[in-house]
Amino acid sequence: MTPQDHTMPPEPPDEPPAADPGERGEPAGWSAVIRFPSPRAALGHAAATTELGPPGLRRSPRDHSVWALLTPAHQPGLQLAAGYGGVVCQADTDGLLWPDQPAPRVPRAIEHLSTVTGWEPVSLAELAAHSPVAAPPAGLKEVAVLAPGALGRWLLRRCLATGVATTFTPVERLGPAGRPDAGWLLLRLRAEDGAVPAGLVEACGRLPGPVACRAADPDCRVLIDLRLRLPLDDAVLLDEVPPGEHLVVERALSGPPWRWRPLGEPAAGELLDAGPALSAAPPARTPVPVPALGPPLPVRLVTSARAPHRVDAVLIADGELDALRRFLRTRPLHETAVVAFGPGRHLVTEPPGLCQTLPFGVPVHQAGPGALYLESGCVLNPPLPDTARDEVLGLGPDIITVLCRDGAWRLRLADVRPAWQLWMPAPPAFAAGLSEHARDLLERLSDAMPEPEPAAPAAPRTPEAERRRLNQVAMEHSLRGEYRKAAELLEQAGHFQRAAQMYERAAAELGEGR
């Protein structure tokens, strides 16, 4: 039984109340009270003292505070109250509540024990609704969704379209006064292989009305909003719910926990989504005139205030290669910059942001899909979605496509080279071998001194060839705008600073909504 079942009047404060757990839902013998400033503070203290037993929680009618009635068994939890902003009050023989640290020169009782006992009870489920909120976790195998009938059917069709095994149960929502609200559906989503798609989970929780939950038990006696991060074990909330009842714990902004009741047994989702019976007669066909198509429109690049002005790469001409060589030799940009050589135009790229220092060339931004670059501050006219860009512009996995107002160029990933090769010097002539004098000396030393025992082989290091391969693949992903994959490869190769720059660019792409 729970604190909500406490209905008996308090005993006189000067007489110890008799324990009667069979009729009262709370332990007998309240001896102390903790006043918490908010429900979340009371939740934190209740989670930290779960093993001491359930306290008697009451809601103050004057403010948002929550009061916890405690027995002597809760004595160890008094020391934690101050950490959650609570004020501990002890009850004297008259039932008056005195704070442990009264205000200076104004020693007075703040309330009477019988008054606090008579306030409206607060359940742990209601406190749990004030838990911290975060995005639904990834990789969920099962999700339970409660939704009104119309939205429930729409969500069911979405689930079936994505291949997620779904069952439905008609339920009714019970209002505060026990008034039933029929027409709700409980959808149970189960991923046969992998996890329930994250987009589907987000759609279930973003719509007004439905609530996406996780079940605390197989019978769904307690459903908990996926966005809540409870500090309590689910078993603590299950202990509050009587057998045969069902409870939903949502965020506090969505309202207090509410109860529901199943109206039938679970059924396969395909039964609810059955379409109308189709007629065997052939459908009547009505000719529809198709207007004649006009001539195709040329794809142009035009300036726009809505276009991105960032610089992901710089397009330079043949005559600017010497200037690029002189510019990079004295700057740290040359350490990781790469150049994609092409037909009269060449693309210089680097972790985004560093190319903004180049005083020449045409700045371009990665527009996608793949390695498609447009002049910064410009957009395509007419606008083309990703699938149309792929078909109209002839994009490919091994091609870099650059569009500027003065022309368009295709470059190959196979022609990408590190920028430092622009001024790579010829290696010096090295002397090798041994002189006659050195050879005689080494022969005498080998006769006089025995060879030492071979040492244990050192731990193998990452081959340089593998590091070069990782750098090359990371560069290709970067040119296609796949900055996260590029960052992971650079991290494997040991280039942690460049990997951090790529991760930063990937985060910026998410912020821009591309």
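**Close-up 1. S376, a buried serine in a loop.** In this predicted model, S376 has a relative accessible area of 16% and counts as buried, because buried means under 20%. To find this residue, look in the loop between β21 (residues 372-375) and β22 (residues 378-381). Which backbone oxygen does the side chain of S376 reach? The oxygen belongs to R310, and the distance is 2.8 Å. Beyond its neighbours within four places in sequence, S376 is in contact with P308, H309, R310 and V311, and also with P363, V364 and H365.

**Close-up 2. An open sheet of seven strands.** Follow the strands across the sheet and you will meet them in the order β6-β5-β4-β1-β3-β2-β7, with antiparallel pairing. Which strands sit at the edges? They are β6 (residues 111-112) and β7 (residues 120-121), each of which pairs on one side only. Helix α1 (residues 39-48) packs on this sheet and touches β1 (residues 32-36) and β3 (residues 66-70). The direction of α1 makes about 130° with that of β1. Now move to β5 (residues 96-99), which runs antiparallel to β6 and is joined to β6 by two bridges. As a reminder, strands of a sheet pair through backbone hydrogen bonds, either parallel or antiparallel.

Close-up 3. Rolling a probe the size of a water molecule over the atoms shows where empty space is left. How many cavities of 30 Å³ or more are counted here? The count comes to one. The largest cavity has a volume of about 80 Å³. Its lining is made of 13 residues, and those nearest the centre are H45, T49, P55, A68 and L70. Both α1 and β3 supply at least two lining residues each. The biggest share comes from α1, which gives three residues.

**Close-up 4. An open sheet of eight strands.** This sheet has mixed pairing, and its strands follow the order β24-β23-β21-β20-β17-β19-β18-β25. Its edge strands, β24 (residues 407-412) and β25 (residues 416-418), each pair on one side only. Ignoring direction, neighbouring strands of the sheet are turned by 30° against each other on average. Look next at β18 (residues 338-340) and β19 (residues 345-349), which pair in the antiparallel sense over three bridges. Here V338 has T349 of β19 as its bridge partner. Lying across β17 (residues 313-317), β18 and β19 is helix α8 (residues 321-328). This helix runs at about 130° to β17.

Close-up 5. Which two residues does the cis peptide bond join? They are N381 and P382, and omega is about 0°. You will find P382 in the loop between β22 and α9 (residues 386-392).

**Close-up 6. C220, a residue with a positive phi.** Although C220 is not a glycine, its phi is positive, at about 60°. This residue lies in the loop between β11 (residues 211-215) and β12 (residues 222-225). Is C220 buried or exposed? C220 is buried, because its relative accessible area of 2% falls under the 20% cut-off.

Definitions and conventions:
Residues are numbered from 1 along each chain as its sequence is written. This is a predicted model: local features need pLDDT of at least 70, side-chain atom pairs count only at pLDDT 80 or more; totals for chains, interfaces and linings use all residues. Side-chain values use heavy atoms; hydrogens and water are left out. Helices (H or I, at least four residues) and strands (E, at least two) are DSSP runs, numbered from the N terminus. Buried means under 20% relative accessible area, exposed over 50%, partly exposed in between (1.4 Å probe, protein chains only). A polar contact is a pair of N or O atoms within 3.5 Å; within protein, one must be able to donate a hydrogen and the other to accept it, and residues adjacent in sequence count only if both atoms are side-chain atoms. Contact means heavy atoms within 4.5 Å. Two strands pair if DSSP finds at least two bridges between them. Axes are lines fitted to C-alpha atoms, for helices over the stretch in contact, and angles run from 0 to 180 degrees between N-to-C directions. On a 1 Å grid over the protein atoms alone, a cavity is a set of points where a 1.4 Å probe fits but cannot get out, and a pocket is an open set with protein on both sides within 12 Å along at least five of seven lines; lining residues have an atom within 4 Å of a point. Grid points are joined across faces, edges and corners, and a volume is the space filled by probe spheres set on the points.
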